[in-house]
Amino acid sequence: MTIKDTSAMHLMHMGDGLMRAGDIPTAANLYLVALRRATPRQRQTILVRLGLATANHRRRVQLHDILQSLEAIGQNVFIGEGLATWQKTLPFLDDDRFNALAGKHAHLLPLANWHWNLQTVLWAVKQGRAVEGDFVELGVFKGHTTIFVAEYLEFAGWDKRWFLYDTFEGIPDDQLDPGWAASNKATYGAGTFSFEEVQERFAAFPNIQVIKGRVPEVLGEVSPERIAFLHVDLNNSTAEIAALDALYDRISPGGVIVFDDYCWLSAKAQHDAENRWFADRGLQQILALPTGQGLFIKTA
Ligand SMILES: C[S@@+](CC[C@H](N)C(=O)[O-])C[C@H]1O[C@@H](n2cnc3c(N)ncnc32)[C@H](O)[C@@H]1O
């Protein structure tokens, strides 16, 4: 038997053996070849494996084990960061453009198979298109989520602006929440990314502005008057609450907020502070999503 004649499923199983043996780069190559030979039905299961093998993630081998266990009990298994689904219709399953762009930008975030999370933001941005105001992302890192959505939706042609904020030096020391400080510093700290790199990444989008500064203070210098979509991803409760104080009243009716980390255990401080903030104002609570995100639609 030669690789030339080997079927997609054989190649996939060979890749699985290599994953288990710890030879991740060779496994990734086999999955890539398998993908080219796969039928539409086989593609998804190979794509999930490829996502795990190419993710810059320390638990990818364990996630791969869970994937195989779940495949013994159900179909359409998907496994990503802190989320496994099976026996579900995967909304992105047949969307080649979605999968290609998710794969293209995956290296910009140290998290495996972010598809479900991307899908939430994509939905929210589409929802915000008809709402008065501009788009805001608080906490950009390398621009992973926004570049995916902007390319997918060809945002350069939209009559909206998107304001992206980051210190580009990580979370300020006085805003670090207890329990999550060390991993945040290691993953998103100063030196792991740069303002220039992100500005370059969005160069093809004249309506996207990358702004270097600390939230909430920088919002007083440059920020839109009306907001249709707000993506909150600052990984700390102090800045996220201060941002709500500064921006909530500017969100138009129908506007959407996505809190990226709302119900991750690591972000419990954010979850509790945000719940208090909405309860104090007599507002509906944020909808907790199994992706870890929180979703809120402003009705009035
Ligand atoms: C998890 S990353 C953002 C990931 C990005 N939203 C994505 O989906 O690809 C969190 C970012 O928030 C930034 N950040 C944290 N606190 C901040 C603050 N007070 N002002 C500005 N940026 C902040 C960090 O520098 C880091 O890049």
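Predicted model: local features only at pLDDT ≥ 70, side-chain atom pairs only at ≥ 80, totals over all residues.
Numbering runs from 1 along each chain as its sequence is written, and side-chain values use heavy atoms, with hydrogens and water left out.

Now the contacts. A polar contact is a pair of N or O atoms within 3.5 Å. Thr145 places a side-chain N or O atom 2.5 Å from an oxygen atom of the ligand. Phe141 uses a backbone N or O atom, 3.4 Å from a ligand oxygen. For Gly170, a polar backbone atom is 3.3 Å from an oxygen atom of the ligand. The protein covers 99% of the 610 Å² of accessible area that the ligand has on its own (Shrake-Rupley method, 1.4 Å probe).

Next, the domains. The bounds come from an automatic or database domain assignment. Domain 1 spans 3-89 and domain 2 spans 115-297. Their centres, taken over C-alpha atoms, are 31 Å apart. Six residues of domain 1 are in contact with five residues of domain 2, where contact means heavy atoms within 4.5 Å.

How values were computed: Polar contact = N/O pair within 3.5 Å; in protein donor to acceptor, adjacent residues only side chain to side chain.
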